Amino acid sequence: MRTLTNNISSLLVSDGFKAARNYVGDLTIQEEEDFKKPITQYAKSGNLNIAYQVFGSGPIDMVYIPGWVSNIDWMWACPELVRFLRELGKHARVILFDKRGTGLSDRAVKFSTLEERMEDIHAVMGAANSQKAVLFGHSEGGSVSTLFAATYPEHVISLITFGVFAKRRYSQDYPWAPTDEERQKVYDMIEHRWGCENMELECLAPSKADDPEFMSWLASYCRYGASPSAAMELTKMNTEVNIIDILGTVKVPTLILQRTGDIDVKIEEGQKR
Amino acid sequence: VIFPLKFIEFEGKDHLFWVGNTAEVLAEIKSFIMETRSTKKPVAGLETVLSAKINPSNKSISRYDMICHLARQHNGKIKHYNDQGFSVIFKGPGKAVNCALELTEKIQSLRQKVSSCIHMHEGTINNDGSSPDKCNSIAERILSQSYPGQILITQTIKHLLSGVALNLTKHNTIFDSLTIDSCTLYQVSIDNNSTLAKSFETKLPPPITFLERVLQSIKKHLDNESFGVEILSRETGVSERQLQRKIKGMTNKSPNQLINSVRLNKAKELLMLQKFTVAEIAFKTGFSSPSYFSKCFKKEFGISPTSLL
């Protein structure tokens with residue numbers, strides 16, 4: 001056992017890569033040096049293939065539901081994310097997946113409803129032989145997991161969300177959601193600057209705005225996550241997400257995590273639950 | 001069973017959880033996982049119910065087979081069936097709507113008419129693990145306002161259908177006893193020319209119905225102890241007598257019962273946030289004394305407000 005020290009380039013060399021270095025704060029990993037990147041497998045959701053990975057040694061299962069776009073292979077190229085995931089892996093058997101239309105899952109999808117994305121969780125849990133799991137949903141993944149928890153409480157131990165929103169479109173009774181004009185700016189960015197270094201991703205991680213290595217990974221993660229038109233469809237879909245009516249029907253223990261200064265999702269959105 | 005809800009605000013601006021104060025975020029996740037045990041008691045999930053009214057027919061046997069077949073194709077389960085109508089349960093609104101569209105078409109091809117409605121409710125489980133046959137008053141009320149050939153959905157269903165290429169037009173508004181709020185109904189039809197972009201066009205807000213006006217007025221005066229039928233009647237522009245009759249007809253509650261229900265549901269929401277004391281919430285929701293508030297709360301939900309803290 002020792003504190004791991006390695007860097008991003010070694011992460012990318014092979015599947016048998018070593019974990020990351022440059023830890024910040026008190027988040028350090030004390031375990032074996034070698035960490036095998038989990039193998040990617042496919043689960044059938046209807047007639048679509050959903051890519052998933054399983055890792056970790058904890059006594060319970062946890063499904064991570066990413067927000068917006070993702071790529072479960074390219075997650076392992078970000079030392080900060082690797083560190084986070086590996087920590088989770090000490091407490092749970094973690095199941096990662098890319099929702100339909102993104103990452104390594106089947107891309108031939110015009111657009112999908114929240115319900116279809118919810119069924120992807122079902123498919124992945126079935127394939128990974130998980131009867132009941134903690135759901136950890138980020139951003140839009142939090143909205144999907146909330147719907148899953150409300151619909152299938154028998155398969156959910158608890159629900160954890162980070163930066164979740166219940167609705168993505170301004171209205172008088174939900175004034176903290178973006179206005180149509182604000183969303184249009186996001187559409188314009190996707191249309192003209194998708195995956196470029198100047199796609200203004202700093203708003204997702206302002207504390208890393210001056211870290212070119214991280215920002216470069218984030219832009220590439222978007223490219224690996226979705227093609228420009230898929231990203232556009234997904235973003236438009238997210239604008240229409242509205243799960244307010246079902247929030248009160250979630251019958252599992254729930255933890256909602258939110259950052260006060262998050263400009264992508266405002267704190268009141270989480271409080272609505 | 002009350003399920004814990006924990007809300008944690010962190011300092012910071014990052015939307016990505018894996019940057020910024022990651023150690024703190026992880027610590028919260030870990031302790032939550034360690035503290036939370038999964039319940040052994042069976043809990044029923046959210047269900048989507050397709051209810052339909054059909055003209056009586058002497059060909060009911062072949063019709064039953066067709067409905068069973070369609071329901072199975074869309075992963076639905078027949079809950080109830082007789083000559084006048086039936087209901088099917090689904091685990092999601094998309095499946096229910098697709099089933100309803102196919103069904104309407106098939107029944108029309110038999111030169112008969114069906115009117116159907118789709119709504120969501122929280123399932124219930126009996127002590128022996130089975131689910132009870134619930135009389136579905138909301139479905140009956142929606143169906144009583146529908147025309148043959150129509151498919152009506154509630155706004156909850158509409159919200160969850162985002163991305164589906166369908167025409168949804170506002171039909172009317174009824175009272176939903178699940179959310180203690182007004183519920184707008186929409187009529188579903190297939191949109192042949194639909195493109196995704198089209199559904200994002202800004203539409204004019206639909207006109208406000210009487211029920212919506214009533215609920216808006218109640219919410220506006222949430223913390224006003226002296227709010228009652230008199231102010232409500234003035235703000236909605238109908239006499240007290242008419243108000244009694246109209247509200248009873250739409251919600252099966254008297255105006256005072258409705259005001260109380262709205263207030264108590266709001267109080268429940270506030271209690272879940274774990275930010276205020278029972279006394280603070282009582283005053284915020286227009287109750288003059290915390291003890292009277294607790295009494296009403298217990299009557300409405302069967303639990304005392306302190307048990308949520």
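Me: How many salt bridges does a search of the whole structure find over all chains?

Reply: Please keep in mind that this is a predicted model. The general idea is that side chains of opposite charge can pair when their charged atoms come close. Over all chains of this structure, the search finds 16 salt bridges.

Me: Which residue forms a salt bridge with Glu119(A)?

Reply: The partner is Lys95(B), with the closest N and O atoms 3.1 Å apart. Because Lys95(B) lies in helix α3 (residues 93-109) of chain B and Glu119(A) in helix α3 (residues 114-127) of chain A, the pair joins two chains.

Me: Are Lys95(B) and Glu119(A) buried or exposed?

Reply: Lys95(B) is buried, and Glu119(A) is buried as well.

Me: What does the salt bridge of Lys6(B) and Glu28(B) tie together?

Reply: The side chains of these two residues, Lys6(B) and Glu28(B), meet at 3.7 Å, N to O. Lys6(B) belongs to strand β1 of chain B and Glu28(B) to helix α1 (residues 22-35) of chain B, so the pair ties together parts that are 22 residues apart in sequence. Lys6(B) is partly exposed, its relative accessible area being 29%.

Me: Where do Glu269(B) and Lys266(B) lie?

Reply: Both are found in helix α9 (residues 255-272) of chain B, 3 residues apart, which is about one turn of the helix. Glu269(B) is partly exposed at a relative accessible area of 42%, and Lys266(B) is partly exposed at 30%.

Me: Which residues are linked with Lys208(A) in a network of salt bridges?

Reply: Glu80(A) and Asp211(A) are linked with Lys208(A) in such a network.

Me: Let us turn to the interface. What is the area buried between chain A and chain B?

Reply: The size of an interface is often given as the accessible area lost when the parts come together. Between chain A and chain B, the buried area is about 6200 Å², and carbon and sulfur atoms give 65% of it. In terms of residues, 74 of chain A are in contact with 58 of chain B.

Me: How many salt bridges are counted between chain A and chain B?

Reply: The count between these chains is 4. Lys30(B) and Glu87(A) form a salt bridge, with 3.3 Å between the closest N and O atoms.

Me: Which element gives the largest share of the side of chain A that touches chain B?

Reply: That share, 6 residues, comes from strand β9 (residues 254-259) of chain A. By class, the side of chain A that touches chain B has 39 nonpolar, 16 polar and 19 charged residues. The strand β9(A) also pairs with strand β1 (residues 5-10) of chain B, in the parallel sense and over 6 bridges. Within β1(B), Glu9(B) is the bridge partner of Gln258(A).

Me: Finally, why is strand β2 of chain B described as largely enclosed by the rest of the structure?

Reply: In a regular strand the side chains alternate between the two faces of the sheet. Strand β2 (residues 46-54) of chain B has 8 of its 9 residues buried, so it is largely enclosed by the rest of the structure. It pairs in the antiparallel sense with strand β5 (residues 114-122) of chain B over 9 bridges, where Ser116(B) is the bridge partner of Ala52(B). The strand β2(B) also pairs in the antiparallel sense with strand β4 (residues 85-90) of chain B, over 6 bridges. In β4(B), Phe90(B) is the bridge partner of Thr48(B).

Key: Residues numbered from 1 in each chain as written. Chains lettered and ligands numbered in written order. Predicted model: local features only at pLDDT ≥ 70, side-chain atom pairs only at ≥ 80, totals over all residues. Heavy atoms only, no water. Contact = heavy atoms within 4.5 Å. Buried area = accessible area lost by both parts, 1.4 Å probe. Helix = DSSP H or I, 4+ residues; strand = E, 2+ residues; numbered from the N terminus. Nonpolar A, V, L, I, M, F, W, Y, C, P; charged D, E, K, R; others polar. Pairing = 2+ DSSP bridges. Buried < 20%, exposed > 50% of the residue type's maximum accessible area, 1.4 Å probe, protein only.
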